Amino acid sequence: MNASALPPHLPVRELASIGIVAFITTREAGSYGFPEVGDDPQSAARWHALQRVLADHGAPRLASARQVHGTRVLVHRDQWEGWVRIDGADAHVLATGGAAAVTIADCVPVLVAHPSGVVAAVHAGWRGVSAGILGETIRSFATLGLPSDELHVHLGPSICGRCYEVGPDVYEKLTGWPTRQSRRVDLRALLAEQAKELGVSRWSASAECTRCDNDRLFSHRAGDAGRQVAVILGSALTPP
Ligand SMILES: [Zn+2]
């Protein structure tokens, strides 16, 4: 593998240990957002370039979506070639290999991997965390015969618990605790707790915060319009 061909990124070493390639691009790679989020017109060209590089790395297809902070999980079973962008979804499970990508700039990129090579990429902001998109994703693995106790969940770079303050309504939705004031929440800690409750025993989290490490990563709350992309490569599920 010629890793130098990938755009500038942070590798997910925790998944490399089970043979899964995953990474998150850095600010240096440029933005992978879209004009609808006020981003620069170069982003589509970056996506096409990314797809070509991933094809060289053994992933002939790349799944992405216009993200809507919902709980729709796409389970990809087709074997298309090239880059697809589906309308209105926040999670991708790859049953037949290829690569899946989500864009983020404070929300949590959740990368889920089964040792068989079935993987998922999930975009989880406070709405997704509150609505249970991680649970929906893990249930999608179960429908493929892959139980939660065999999964590894990695929580990538996102805004940290010291930098992320939310209003009383959002705080109560996320924690169940009523409050009258704005409070800080740690989305990755909430997701780790959900993962544990869903039966996941192997999880890891990136040390980076999009806002604390704003020199290297885009942060919406720090005023950036740009987005980094989190990518995970899978391999086809072999029928038992
Ligand atoms: Zn921070």
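Me: How many bridges join β3 to β5?
Reply: In this predicted model, β3 and β5 run parallel. The number of bridges joining the two strands is 6.

Me: Which strands stand at the edges of the open sheet?
Reply: The open sheet is formed by 6 strands with mixed pairing, in the order β1-β2-β14-β7-β3-β5. Two of these strands each have a single partner, so one side of each is left without a neighbour in the sheet. The edge strands are β1 (9-11) and β5.

Me: At about what angle does α2 run to β3?
Reply: The helix α2 lies across β2, β3, β5, β7 (96-104) and β14. Its direction relative to β3 comes to about 150°.

Me: Which residue forms a salt bridge with Asp224?
Reply: Asp224 lies in the loop between β13 (202-205) and β14 (228-236), and its partner in the loop between β2 (22-25) and α2 (43-56), so the pair ties together parts that are 197 residues apart in sequence. The closest N and O atoms of the two are 2.7 Å apart, and the salt-bridge partner of Asp224 is Arg27.

Me: Is Asp224 buried or exposed?
Reply: The cut-off for buried is under 20% relative accessible area, and Asp224 has 17%.

Me: What is the N to O distance in the salt bridge of Arg66 and Asp87?
Reply: Arg66 belongs to strand β3 (residues 61-66) and Asp87 to strand β5 (residues 82-87), so that the pair links distant parts of the chain, 21 residues apart. Arg66 is partly exposed, with a relative accessible area of 31%. The side chains of Arg66 and Asp87 meet with an N to O distance of 2.5 Å.

Me: Why are Glu136 and Arg139 separated by about one helical turn?
Reply: The two residues form a salt bridge whose closest N and O atoms are 3.3 Å apart. Glu136 is partly exposed at 33% relative accessibility, and Arg139 is partly exposed as well, at 47%. They are separated by about one helical turn because both lie in helix α4 (residues 133-143), at a spacing of 3 residues.

Conventions
Residues are numbered from 1 along each chain as its sequence is written. This is a predicted model: local features need pLDDT of at least 70, side-chain atom pairs count only at pLDDT 80 or more; totals for chains, interfaces and linings use all residues. Side-chain values use heavy atoms; hydrogens and water are left out. A salt bridge is a side-chain nitrogen of Lys or Arg within 4 Å of a carboxyl oxygen of Asp or Glu. Helices (H or I, at least four residues) and strands (E, at least two) are DSSP runs, numbered from the N terminus. Buried means under 20% relative accessible area, exposed over 50%, partly exposed in between (1.4 Å probe, protein chains only). Two strands pair if DSSP finds at least two bridges between them. Contact means heavy atoms within 4.5 Å. Axes are lines fitted to C-alpha atoms, for helices over the stretch in contact, and angles run from 0 to 180 degrees between N-to-C directions.
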